[in-house]
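Dear colleague,

I am pleased to hand over the structure below, together with a short account of what was found in it. Please look through the sequence and the model first, and then read on.

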Amino acid sequence: MELALATAIGVLTAIGVYLLLRARSFDVILGMTFLSYATNLLIFAGGRVVQGKAPVLQDGLESHLGNYTDPLPQALVLTAIVIAFAMTAVTIVLAMRSRSDNHSDHVDAHEPDEDAPPRPGEDQA
């Protein structure tokens, strides 16, 4: 189980870094999303991967760590999912605005499409 989780974290991180280094804004947004998934899995892995144990105290069970899972990583991941969703929405809106202003999907806006009209102040020769 730990090997599969570590492999998944590594693959998601590699995909995220690769997409972040691309020059298109949609690829950068996807890269940030994959990195947030990898971070969430890393937080889960840090909280001991245990199946079938309760995250809260129950009557009849002795209160030591062998009987329970840590609820903090679960709460952190839930919060991180909400924050990542909001930040993805913000970056999509910014990318759409940048695309409409620059007539380019590139992050640095230096390579416009051939079909796009020239930007104001650009030589038409």
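In this predicted model, residues 75-96 form a span that is 100% helix and 0% strand. UniProt, in an unreviewed entry, lists residues 75-96 under "transmembrane region".

The next point concerns a pair of helices. Two packed helices are described by the angle between their axes and the distance between the axes. Helix H1 covers residues 2-20 and helix H2 covers residues 25-46; their axes come within 7 Å and cross at roughly 155 degrees. Since angles over 145 degrees count as roughly antiparallel, H1 and H2 are therefore roughly antiparallel to each other. The crossing in which H1 passes H2 is left-handed.

On the H1 side, the contact is made by Leu5, Ala8, Ile9, Leu12, Thr13, Ile15, Gly16, Val17, Leu19 and Leu20. H2 contributes Asp27, Val28, Leu30, Gly31, Met32, Phe34, Leu35, Tyr37, Ala38, Leu41, Leu42 and Ala45. By type, the residues of this contact divide into 18 nonpolar, three polar and one charged.

One further residue of H2 may be of interest to you. Ser25 has its place in helix H2. Is Ser25 buried or exposed? Its relative accessible area is 15%, and buried means under 20%, so Ser25 is buried. Leaving aside residues up to four places away in sequence, Ser25 touches Ala95, Asp105 and Val107.

With kind regards

Key. Residues numbered from 1 in each chain as written. Predicted model: local features only at pLDDT ≥ 70, side-chain atom pairs only at ≥ 80, totals over all residues. Heavy atoms only, no water. Axes fitted to C-alpha atoms, helices over the stretch in contact; angles between N-to-C directions. Helix = DSSP H or I, 4+ residues; strand = E, 2+ residues; numbered from the N terminus. Parallel < 35°, antiparallel > 145°, perpendicular 65-115°, else oblique. Left-handed = near helix turned anticlockwise from the far one by under 90°. Contact = heavy atoms within 4.5 Å. Nonpolar A, V, L, I, M, F, W, Y, C, P; charged D, E, K, R; others polar. Buried < 20%, exposed > 50% of the residue type's maximum accessible area, 1.4 Å probe, protein only. UniProt positions renumbered as here; feature names shortened; annotations may be inferred.
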